[in-house]
Amino acid sequence: MRLMLGTVIVSFILSILLVFFCGMTSHRICVYFQLRMKETDALIRKAGWQEALSMVSQAQAYWKAQSPLLSMWAPHQSIDDVTSGLQLLCISIEEREKYHALLYSAEISAALSLIFQQDAFALKNIL
Amino acid sequence: MLTVLCRTIILYLLSILAIRLMGKRQVGQLQPYEFVLALMIAELAAAPMEEIGAPLLYGVLPILGLMIIHGLATLLSVHFTFFRRLLSGGPSVIIRKGVIQYDEMRRMCYTTTDLMEELRAQGIMNIADVCTAILETNGRLSAFLHGEHRPLAPSDIGLSVPYEGMPMTLIVDGRIQQEHLQKCGLNEQWLLKQLRPMGFSGAQDILLASLDTQGRLFIQGKREGDQMHLIQVLDEKAVHW
């Protein structure tokens, strides 16, 4: 009986820790990218290509570091969408294509928000 | 492909852990809530194994959740009868004093075919011999015969029988079971001494050797044509396990 009680308590604590860890990490990454994409958008609109490229490169490096962790609880397809979106954004900034750069930036934001919406504790997701 | 292998190993080990923590009953006699749990765990563990695109935690977290729910259900069932009846139901008397309880059978959706099948599975051919039959919560039927049809027990004729405990296996497939030998208060030298007169050079020649609580040693060799040996090696009074 004690083993059973112990199992319940350990499983509960483990689940709560996992849920909180995943939620916090998701939120941290989401906030970081929202900020970065907003700043990148502003720079693209002002034709600040070099700064925009440097910002996207930083975001790419950050994403490369965080995506393996995120793969533990986020659908892999959505993660691949963000990875390829960042690459395309990089190329379009290098080529100075304003329209495509803004389009890819919006696509990245949409893919990211999809990841975090799917993960969010909401009635819509529960149902 | 290595990804699939790693995921399979992780989820397999987690499923074993979950099943083991549920106890031995989980494997054989299942209560309704345990049966549901076993099915769900199997399904949850299998899905992320085949779908590489699905995150691993989609398999791990639900299993953890099920362990919590099952643990709570078990603890509440042990402490509260009401909860136990709610989750597992109660046993139903299908045959009372030799009379089939038709209403009870209908309530349990239990047919006469099911009843006859279960009785036959228990070695009872004639339903008229059954005095009481109870349908247990795990779906098994417990049948009890009328006194006159019950097999004769030594106590019926006032016979006292010696203690019959579990025999200790001393050699399994050529390997000496040191732990069992120690429990019997014996050693390897003693065992080998018993084997030599029968033409065995050592434990490697033995398929199975066991010592029963009457002090008899059963030996079966590995070689083709080896006979089964049953020899008295200990006095019954020397048996203490």
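Glu179(B) is exposed, with a relative accessible area of 53%. Here buried means under 20% relative accessible area, exposed over 50% and partly exposed in between (1.4 Å probe, protein chains only). The model is predicted: local features need pLDDT of at least 70, side-chain atom pairs count only at pLDDT 80 or more, and totals for chains, interfaces and linings use all residues. Residues are numbered from 1 along each chain as its sequence is written, chains are lettered from A and ligands numbered from 1 in the order in which they are written, and side-chain values use heavy atoms, with hydrogens and water left out.

Glu179(B) forms a salt bridge with Lys183(B), at 3.6 Å from N to O. A salt bridge is a side-chain nitrogen of Lys or Arg within 4 Å of a carboxyl oxygen of Asp or Glu. Both residues lie in helix H7 (residues 178-183) of chain B; they are four residues apart, so about one helical turn separates them. Lys183(B) is partly exposed, at 43%. Its backbone oxygen lies 3.2 Å from a polar side-chain atom of His240(B). A polar contact is a pair of N or O atoms within 3.5 Å; within protein, one must be able to donate a hydrogen and the other to accept it, and residues adjacent in sequence count only if both atoms are side-chain atoms.

His240(B) lies in the segment after strand E9 (228-232) of chain B. Its relative accessibility is 53%, so His240(B) counts as exposed. From Lys183(B) it is 57 residues away in sequence and 8.9 Å away in space, C-alpha to C-alpha. Not counting residues up to four places away in sequence, His240(B) touches Lys183(B), Cys184(B) and Gly185(B). Contact means heavy atoms within 4.5 Å.

The whole structure holds six salt bridges over all chains. One of them joins Arg107(B) to Glu104(B), with the closest N and O atoms 2.9 Å apart. These two are three residues apart in helix H5 (residues 102-107) of chain B, and so about one helical turn apart. Arg107(B) is exposed, at 58%. Asp212(B) and Arg216(B) also meet in a salt bridge (3.0 Å, N to O). Asp212(B) is buried at 13%, while Arg216(B) is partly exposed at 31%.

Chain B has eight helices and nine strands. Helices (H or I, at least four residues) and strands (E, at least two) are DSSP runs, numbered from the N terminus. Of its 241 residues, 34% are buried.

The largest nonpolar core has 46 residues. Such a core is a set of buried Ala, Val, Leu, Ile, Met, Phe, Trp, Tyr and Cys residues joined through side-chain atoms within 4.5 Å. Residues with the most contacts inside it are Phe33(A), Trp63(A), Leu86(A), Leu89(A) and Ile93(A). H2(A) gives the largest share, nine residues. Apart from this core lies another, of 22 residues, among them Ile171(B) and Trp241(B).

Five aromatic pairs occur over all chains. Rings of Phe, Tyr and Trp (its six-membered ring) pair if their centres lie within 6.5 Å; planes under 30 degrees apart count as stacked, over 60 as edge-to-face and the rest as tilted. The rings of Phe33(A) and Tyr62(A) have centres 6.1 Å apart and planes at 45°, so this pair is tilted. It links helix H1 to helix H2 of chain A across 29 residues. Both Phe33(A) and Tyr62(A) are buried. Tyr32(A), Phe33(A), Tyr62(A) and Trp63(A) form one aromatic cluster.
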